[in-house]
Amino acid sequence: MEWNIGVWVVVGVVVVWWVLWKENKKKCGIPKGSSGWPLLGETLEFIASGYTSTPVSFMDKRKSLYGKVFRTSILGTPVIVSTDPDVNKAVLQNQGNIFIPAYPKSIQELMGKHSILQMNGNLHRKVHALIGGFLRSPQLKARITKEIENSVKHCFSNWKITTAGHSHLIYVQDEVKKITFPILVKVLMSVGPGEDLDFLKKEFEEFIKGLICLPIKLPGTTLHKSLKAKEKMLKMVQKIITERKMLMEKADEKGAVIDAVDVLLRDRSDSDAKQSLPLDFISGNIIEMMIPGEETMPTAMTLAVKFLSDCPVALNKLVEENMELMIKKQKTDSFDDYSWTDYMSSLPFTQHVISETLRMANIINAIWRKSVQDVKIKGYLIPKGWCVMTSLTSVHMDEKNYENSYQFDPWRWEKIPVVNNNCFTPFGGGQRLCPGLELSRLELSIFLHHLVTSYRWVAEKDEIVYFPTVKMKRKMPISVTPISNP
Ligand code: HEM
């Protein structure tokens, strides 16, 4: 009997030792770092750095201690943070579909699992390709250029100008939303100015309040109100889609694709079935695609104004280039008849200003993924179930990648490529590279062209806040005076 117990003790010890040894071996290769406090992890330090003027300080400190890729723990979740452009690229490329998007609970709840932002695999690839193909198409750009110009001019027409003795403040951050929201809605579902647009604007504002909130769905909570707003929008979008579908079925000729609703309704790629994507899938996605487009564009425009206000040399060069184009247009009798290529190809310095704005603004500061299996990248082990945070800001603000990285220097882009550059990823990369990339650049170009050829401005003191999202503390107040054009 004693002999029997002895054997079982030895077997037990060996099994425990073997399990521990295996676990240890498995952990071998997990990047160095700290898990911080129990449950809290390093959450407080992470958030606190977001409230400073250098939000990368959290990353920088750990980078110097543990290297470019390190582990931490945020809100009880183990996270591997990558500030390494190669690791970021591998994660975003996602060969073998090892990584899935990782959003906070409230966002997951609001988006639904069939949202382009959350779905994976073949269906994601298909929807991404359909939307990307449409948003990049020259046909859309040709058509939307006039709409963007009109939206910019309409917004400017309501600006009160500052005269001697009468100063008026324009809050850029609020104003540019009047430009970008109608464009987004036009591109997605062709709703023009009027009651429907106002309704969508109101409900969408309520809807996005829920993106960063406690994941509690009880009546009266932010999340509950946000879901209700989404329901109201869904009803309206479903009506638009049903009407469009009926029109399509009646008409013999299909006509040109005018918006994202058309793109998704006309998809026939899966089979010879009449329509492969269900109506509720399309309506959900139309609303969910408003999320990445709505906040980012106004922030980019506002921060362009901020950086230019702080850098008069760059502003002067921008004015010079845009005035030249305007005068050239006037001479050729095509004044007021710009094509999208005028904005995208004839204004190289303007494009540099946009690239530098996107680099420094870091509107999307990081992209979060979760690994569905153990994977090794560049020798670093990312265990199954762990989150990976690819820090875009760290790469954009690293002195090794950009000399004087905190200085707004559009001229640096004369020597640096903006495509296929792992160190410049404001629009992400790989499988989920932002499909609105070119549209965003076009919108920014048109906005800057008309701003600097119409007005001179004086900016009041303001500062950038980086948490929870990038914003101007005082909404970027400026006073404008019109330029008497030659
Ligand atoms: C300056 C403006 C913008 C910035 C900085 C930006 C940035 C990004 C980034 C970083 C991603 C990748 C997210 C990820 O990998 O999980 C993304 C995805 C996306 N963006 Fe943009 N975006 C901008 C404007 C727009 C606009 C105007 C639209 C719509 C018309 C748009 C639509 C989308 C969509 C639908 C996705 C999801 C793609 C997918 O998961 O397949 N974005 N954006």
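Me: Two strands pair if DSSP finds at least two bridges between them. What makes β5 and β8 a pair?

Reply: They have five bridges in the antiparallel sense, and the cut-off is at least two. K370 stands opposite C387 in β8. Bear in mind that this is a predicted model, where local features need pLDDT of at least 70, side-chain atom pairs count only at pLDDT 80 or more, and totals for chains, interfaces and linings use all residues. Residues are numbered from 1 along each chain as its sequence is written.

Me: How do you know that β8 has a partner in β2 too?

Reply: Four bridges link β2 and β8, this time in the parallel sense, and S82 stands opposite T390 there. S82 also faces V69. β2 (residues 77–82) and β1 run antiparallel and are joined by six bridges.

Me: Why is the pairing in the five-stranded sheet called mixed?

Reply: The open sheet has the order β1-β2-β8-β5-β3. β2 and β8 are parallel, while β5 and β8 are antiparallel. The names come from DSSP runs numbered from the N terminus (helices: H or I, at least four residues; strands: E, at least two).

Me: And what makes β1 and β3 edge strands?

Reply: β1 (69–74) and β3 (99–101) each pair on one side only. Neighbouring strands of this sheet are turned by 35 degrees against each other on average, direction ignored. Helix α4 (residues 85–93) lies across β1, β2, β3, β5 (366–371) and β8 (387–391), at about 125 degrees to β8.

Me: Why is β8 said to be largely enclosed?

Reply: Five of its five residues are buried (20 or more other C-beta atoms within 10 Å of the residue's own; exposed is 12 or fewer, partly exposed in between). C387, M389 and S391 point one way from β8, with V388 and T390 pointing the other way. Both groups are buried, so the strand is largely enclosed by the rest of the structure.

Me: How do you know that β4 is paired with β12?

Reply: There are two bridges between β4 and β12 (residues 477–482), in the antiparallel sense, which meets the cut-off of at least two. I170 stands opposite I478. The open sheet here has three strands, in the order β4-β12-β9 with antiparallel pairing. Its edges are β4 (170–171) and β9 (455–459).

Me: Why are α7 and α20 called oblique?

Reply: Helix α7 (residues 138–157) and helix α20 (residues 437–454) cross at roughly 40 degrees, their axes coming within 10 Å. Under 35 degrees would be roughly parallel, over 145 roughly antiparallel and 65 to 115 roughly perpendicular, so the pair falls in the rest and is oblique. Among the residues making the contact are I148 and F156 of α7 and L442 and F447 of α20.

Technical notes. Axes are lines fitted to C-alpha atoms, for helices over the stretch in contact, and angles run from 0 to 180 degrees between N-to-C directions. Two residues are in contact if their C-beta atoms, placed from the backbone, lie within 7 Å.
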